[in-house]
Amino acid sequence: MLPTPFEFERASTIADAVSAVGQEGDGMFYSGGTELLLAMKMRVIHTERLVDIKGIPGLDRIVLNDANELEIGSRCTHMKIAGDSVIREHVPALASLCANVANVRVRSVGTIGGNLCFGEPHADPPTLLGALDARLVLQGPNGTRSVHADDFIRSELETVREPDELMIVIIFPRPTGPITYRRFKHGERPSVNVGMVWSMEAGAHSIKSARVRVGALGSRPQPLKAVEGVLKGLPVHDAHRAIQSVLAQALDELDVNEDRHGSADYKRHLAGVLLLRNAEEAVAMRGRAT
Amino acid sequence: MSSVRPDLIEKVTGRAEYITDLTVPDMLHGFVVRSPAVHARIASIDTSAARSMDGVVDVLIGEDVASFGCWGVVLKDRPIIAIDRVRYVGEPVAIVIAETIEIAENAAERVDVGYEELPRAATIQKAMADGAPLIHEHHENLQDFYFKGGAKPTQGSNIFHTYRNNVGDVDAAEAAAAYVHEDHFTFPAISHFAMEPHAVIADFKGDSLTVWAGAQTPTAVQKVLSRLFGLQLAKVRVIVPFVGGGFGGKASVKIEPLVAGASWKVQRPVRVAQSISDSMLTCRRLGAEVTIRTAVDAKGRILAKSAKLLLDGGAYSDTGSAVATKSANRIIGPYAVPNLRLEASAIYTNTVPGAAFRSIGGPQAVWAKESHMDNVAAAIGMDPAEFRLKNLAARGERTRPDLRALDMDMSELMGRVTQSFASESQASNRRSRGMAVAATDPANTPIANAIVRLKIDGSILVSVSSIEVGQGAHATMARIAAQTLKQPFSAVSTLRTDTAVAPYDWGTGASRSTVVVGLSVENAALDAADQILDMVVDVWELPKESLSLVEGGVSTGSEVLTFHQIFHRTLGVDSGEVVGRGAITPRSKKGALAESPLFWETSAGLAEIVVDEDTGEIHVPRYASAADVGRVIDRVAAEGQDEGAAAMGFGHALYEQLEFEDGQPVNATPIDYTIPRISDVPPVFDTILVENGDGPGPGGAKGMGEGAILPVAPAIANALFSAYGIRITDLPMTPEKVWRALQKRK
């Protein structure tokens, strides 16, 4: 099918784009269009105006900033992130996640910002970005605000972003320990995914703190608090056993939908499998590092 | 380069034309409004809002064409467009016809249809239950069923076909057996998922109709349209450009009557180009419920086999009757079984109509039969390969008295796939192997015609009704003509399919083109050769025995006369051609082609699997496929056909299922419906084509391309059974299903 008729504008600054979307009638930002155009063609999204942000300079920058944080422009394609030397050096798990998002056509034009803004529960980036403690910077008509990745997705296909707010950049502290991400999929989108990020104590033998997010089970990624708690301050080689000791309880606390990707008990089980595999990988990475 | 298929050059350079590349002058665009209801009476259709939109020319609805009545290929059960009732979600209820596709699609949203829900029967069980709502009140048999026994609908029920075939005395054999084992298997509906969805342009002009369609059986389309609209066959022209995949989903007749109806209404050319989602609501493979029982003696010899297959035919019969009959034949396998009780029924349900699909009824039957074989072997404590070998019918032996004797040796195919794995000794603990075999009886229908024209410059035109759907039929026909006439392949062109030019053929499917159409091309080429030689005999006054065709002309033994010299001197002008005609009928070759099947389409598959026990995911690192194809004509195309069929088999085995919830399609979009990608195909894949030159086709060829799909699912299931003792009885073998089975075992 074809989308219903719409106007098309190209913005060259963020302010222009924001004001173009905010004009009368429904406007939407457009970049890769891999989710948006599909939804428009299926006629589940109607918009009167698409505002193309691809001509806005600076939205596809990737840098390590002076505050020792990584900044990823919202308009970076998955392919760009996958191949970026800064990301590959500091967050290899994110590079590899982006190298495996969806399919090659999506990766080459689809953007990380677009992926987040779509609010699809069965997506890869939100889970790892939540674990990376990322904040998402939105710019609207009244200035910018920053939203924590954990708080960004409100419910299935719905985010806290206002229609005339443009996500401009994703920022997270440069990780100091192993970052792991795994997903299970049998089809186009992940059924379950798990991201885990460890911050290390000086000397790198103990975990200072851990962030664990499980995605695709509910409307948005969920933390595994019990696992995060048990890992805090723990020597690396005790991590796997410690996770196992609290795993059942931690998994029970997850909110799990039953959907086409599987029944609740199966997907809950998979989350545990992926988490333990992440833990093994993280321990092995630490082993190599020391 | 000269031997590269010309159609592939056209495709990779983007020159190849498909329906949607064509524009017919004055052409309008149709967009189909589809039923959202599973089973409902159409209470009202208001098209006024749509009609009032700029650029909308007309809207076709059922009452416009109700007077033409219904059409069908076996049973006459289908209106051109829903008249007063819809029987499945996706059934066309209106076509908005407009100047552009955009206008048509926007106006389609304004067609207001009122539905009154009717009781539904969306599964086989519900359709066969007492008091089930009748999806069709009566069954009108066209008496046009090409298998023995005819179509057998059961009036007053949703059963639109039942086929039975009994041999010997199953009850007595079971009573005497050492062991009797019964299993039940199910098989889901599966989408054809051709890359090119259905697309048709129809141009009604007074008493003539031209249709451009991606149709596998152009002459069937011609016949149905001729009878439906009361047109002479000679006034109905079907043109088939390149087709982007069919797999049976474009066989018989699909949306051609619908688009022709739209063109009839406006008396202008109308194009309907469906999306892949539309095509997923147009047809699909028949799902099945299979009960199979085998009786064996104390030595493991099969004494009797009985099978009951119920096939979910969807809302309209299409060729579901043929699918059912074939499923009963194909569940026998390459085994010698003295007593058989076979029954297959096709059932109407309120779901997308079932249709032919690569090896009709084959995957359903072989899934059950070959999984069952390993179960029986395990039950009697015999190695499954040994159990098969013990019970194989030998070459020349019949598997059923009314079917041609086996023309191949299945133990050879089993040996070849096993050898293929021999380089790596036994499967490790984590890896396990499973095998399955199949012997199917293609409905080859030995009826075809061909025209081969040899021109003065030595160039050759081949004209056949076979379509080029990616399988390489046109290049194969060119190769057969080139070989027969001893001319280079590059001298031969095969015309795109056009019923106004090409002579009658039954259709492209059932692995028949290489054999049946190929033989007619061979005959036509021989006829052309004869005419050329006769010219030389006449004009040069030489004995025919001394003459032979050579590249570019005729050798007399002492010199070579060019075609140019022959035509010029014989006709007295510097131009001309000979027109060779070849026909194949059941009477050809002294009736040798009449017995069914013309050849056996056979396949053996050996799969090695690795299971992720934590997730239930099955990986297939290695697969070997063997088929007896008689003789390979184009190796790349032949291997491609075999590998493509197996890859489709991986989809059936592990991924695919067109799901319905109480008749409502759940995943009929390319996002939600998963087919295997190239990365899902086993990294080590051995394709073995056995050539003994003993087929009925040109050079001893047999047909192929449908066999390799058959063993994949049961081979994988058997590997799973062998490693873990778990038996999956319904497809696809999703990770969750496997994980649950593994859990249950613990």
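Hi everyone, let me open with a crossing: α18(B) passes α19(B) in a right-handed way. Helices here are DSSP runs of H or I with at least four residues, numbered from the N terminus.

Some housekeeping before I go on. This is a predicted model, where local features need pLDDT of at least 70 and side-chain atom pairs count only at pLDDT 80 or more, while totals for chains, interfaces and linings use all residues. Residues are numbered from 1 along each chain as its sequence is written, chains are lettered from A and ligands numbered from 1 in the order in which they are written, and side-chain values use heavy atoms, with hydrogens and water left out.

Back to our pair. Helix α18 of chain B covers residues 635–655 and helix α19 of chain B covers 712–724; they pack at about 55°, with axes 8 Å apart. The axes are lines fitted to C-alpha atoms over the stretch in contact, and angles run from 0 to 180 degrees between N-to-C directions. That angle makes α18(B) oblique to α19(B); under 35 degrees would be roughly parallel, over 145 roughly antiparallel, 65 to 115 roughly perpendicular, and the rest is oblique. Who meets whom? On α18(B) we have B:A646, B:G649, B:F650, B:A653 and B:L654, facing B:V712, B:A713 and B:I716 on α19(B). Contact means heavy atoms within 4.5 Å. By class, seven of these residues are nonpolar, one is polar and none is charged. For the classes, Ala, Val, Leu, Ile, Met, Phe, Trp, Tyr, Cys and Pro are nonpolar, Asp, Glu, Lys and Arg are charged, and the others, Gly among them, are polar.

Now another pair in chain B: α10 (residues 320–330) and α11 (residues 362–379) pack at about 30°, again with a stated axis distance of 8 Å. So α10(B) and α11(B) are roughly parallel, and their crossing is right-handed. B:V323, B:S327 and B:R330 of α10(B) touch B:G362, B:Q364, B:A365, B:V366 and B:K369 of α11(B). The class count for this contact is three nonpolar, three polar and two charged residues.

Let's zoom out to domains, whose bounds come from an automatic or database domain assignment. Chain B has domain 1 (25–118 + 193–280), domain 2 (284–443 + 596–745) and domain 3 (448–591). Between domains 1 and 3 of chain B, the C-alpha centres lie 39 Å apart, and 16 residues of domain 1 contact 15 of domain 3. The buried area there is about 1,200 Å², with 57% from carbon and sulfur atoms. Buried area is the accessible area (1.4 Å probe) that two parts lose on being put together, summed over both. B:Q216, B:T219 and B:F242 supply 40% of what domain 1 of chain B buries against domain 3 of chain B, more than any other three residues.

Last stop, the chain interface. How many residues of chain A are in contact with chain B? There are 25, and they contact 26 residues of chain B. Together the two chains bury about 2,100 Å², 51% of it on carbon and sulfur atoms. On the chain A side, A:H186, A:R260 and A:Y266 supply 30% of the area buried against chain B, more than any other three residues.

Note on methods
Helices (H or I, at least four residues) and strands (E, at least two) are DSSP runs, numbered from the N terminus. A crossing is left-handed if the near helix is turned anticlockwise from the far one by less than a right angle, and right-handed if clockwise.
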